[in-house]
Amino acid sequence: MGLLVMVIGLVLFLGAHVFTTRREARAQAIAAMGEGTYKIVYSLVALAGLVLIVWGFAHYRADGWIQLWSPPKALKHLNIALMLPAVILVVAAYIRGNIYARLKHPMLAGVKLWAFGHLLANGDLGGIILFGSILAWAVYDRISLKRRTDPGSPPIPVGGIGNDVIAVVVGIVAYLALAFAFHPVVLGIPVMGN
């Protein structure tokens, strides 16, 4: 049951994100319901999807775990190593400096690293579906951005090396919080020292 709920959540969450890449359909939806209403509906659908993903995955982990293969410990360590640049890239999408200017879409690069690393470290069906779906979406979204004429994100001023330093420091702090607090306390999955 948990796996099905997670899949429904992925359809809602990723479906909302894919819909935004369909610029004509998005423009028609905004014209029909107004920008404010569109943003509220989009946010509610994406949030509902996220809640179902988290709830479904938690129940899947507790009651319906399906192990397909056992990743070697080296891949788990590689995942831990990939998470640091992944988190820094996500932060650099909002604290824009040279990292942002060079990559153009560091958020998607960070999401791809995150999903790829987690695919390597998890050999269960639910993990493969979850992280594989998110990786596929991030690849799709990056390709769609290359074909779009609009930037696809709000205009945030781009700074210089100072913003890069801030993004790296904030990214390191967030990485440590995810590794030592979020994963073991919230998810019940210790990642360091295993």
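Thr20 belongs to helix α1, which spans residues 2-21; helices here are DSSP runs of H or I with at least four residues, numbered from the N terminus. The model is predicted, so that local features are given where pLDDT is at least 70 and side-chain atom pairs where pLDDT is 80 or more, while totals for chains, interfaces and linings use all residues. Residues are numbered from 1 along each chain as its sequence is written, and side-chain values use heavy atoms, with hydrogens and water left out. Thr20 has a relative accessible area of 17% and is therefore buried (buried is under 20% relative accessible area, exposed over 50% and partly exposed in between, for a 1.4 Å probe and protein chains only). Apart from neighbours within four places in sequence, Thr20 is in contact with Arg26, Tyr38, Tyr42 and Arg148, where contact means heavy atoms within 4.5 Å.

Axes are lines fitted to C-alpha atoms, for helices over the stretch in contact, and angles between N-to-C directions run from 0 to 180 degrees. On the α1 side the contact is made by Phe19, Thr20 and Thr21, and on the α2 side by Arg23, Ala25, Arg26 and Ala29. By class, the contact of α1 with α2 comprises three nonpolar, two polar and two charged residues. In this classification Ala, Val, Leu, Ile, Met, Phe, Trp, Tyr, Cys and Pro are nonpolar, Asp, Glu, Lys and Arg are charged, and the others, Gly among them, are polar.

Helix α1 packs as well with helix α7 (residues 125-147), at an angle of about 5° and with the axes 11 Å apart. The helices α1 and α7 are therefore roughly parallel to each other. Leu3, Met6, Val7, Leu10, Leu14, His17, Val18 and Thr21 of α1 meet Leu125, Gly126, Ile129, Leu130, Ser133, Ile134, Trp137, Tyr140, Asp141 and Ser144 of α7. The residues of the contact of α1 with α7 divide into twelve nonpolar, five polar and one charged. Phe13, also in α1, is in contact with Ala46, Gly49, Leu50 and Ile53 when neighbours within four places in sequence are left aside.

Helix α4 (residues 73-92) packs with helix α8 (residues 161-187) at an angle of about 130°, and the axes are 8 Å apart. The pair α4 and α8 is therefore oblique. The crossing of α4 and α8 is right-handed, that is, the near helix is turned clockwise from the far one by less than a right angle, anticlockwise being left-handed. The contact involves Ile80, Met83, Leu84, Val87, Ile88, Val91 and Ala92 of α4, together with Ala167, Val168, Val170, Gly171, Ile172, Ala174, Tyr175 and Leu178 of α8. By class, the contact of α4 with α8 has 14 nonpolar residues, one polar and no charged. Val91 of α4 counts as buried because its relative accessibility is 12%. Val91 is in contact with Ala167, Val170 and Gly171, leaving aside neighbours within four places in sequence. Between Val91 and Gly171, 80 residues apart in sequence, the C-alpha to C-alpha distance is 6.0 Å.

Helix α8 has a kink of about 40° centred on Leu178, the bend at a residue being the angle between axes fitted to the seven residues ending there and the seven starting there. The buried residues of α8 are Asp164, Ala167, Gly171, Tyr175, Ala179 and His183, and their cover includes α4, α5 (98-103) and α6 (106-121). His183 is buried because its relative accessible area is 17%. Not counting residues up to four places away in sequence, His183 touches His118, Leu178, Gly188, Ile189 and Val191. Gly188, which follows α8, has a positive phi near 75°.

A positive phi, of about 70°, is also found at Lys104, which is not a glycine. Lys104 lies in the loop between α5 and α6 and is exposed, with a relative accessible area of 51%.

How values were computed. Helices (H or I, at least four residues) and strands (E, at least two) are DSSP runs, numbered from the N terminus. Angles under 35 degrees count as roughly parallel, over 145 as roughly antiparallel, 65 to 115 as roughly perpendicular and the rest as oblique.
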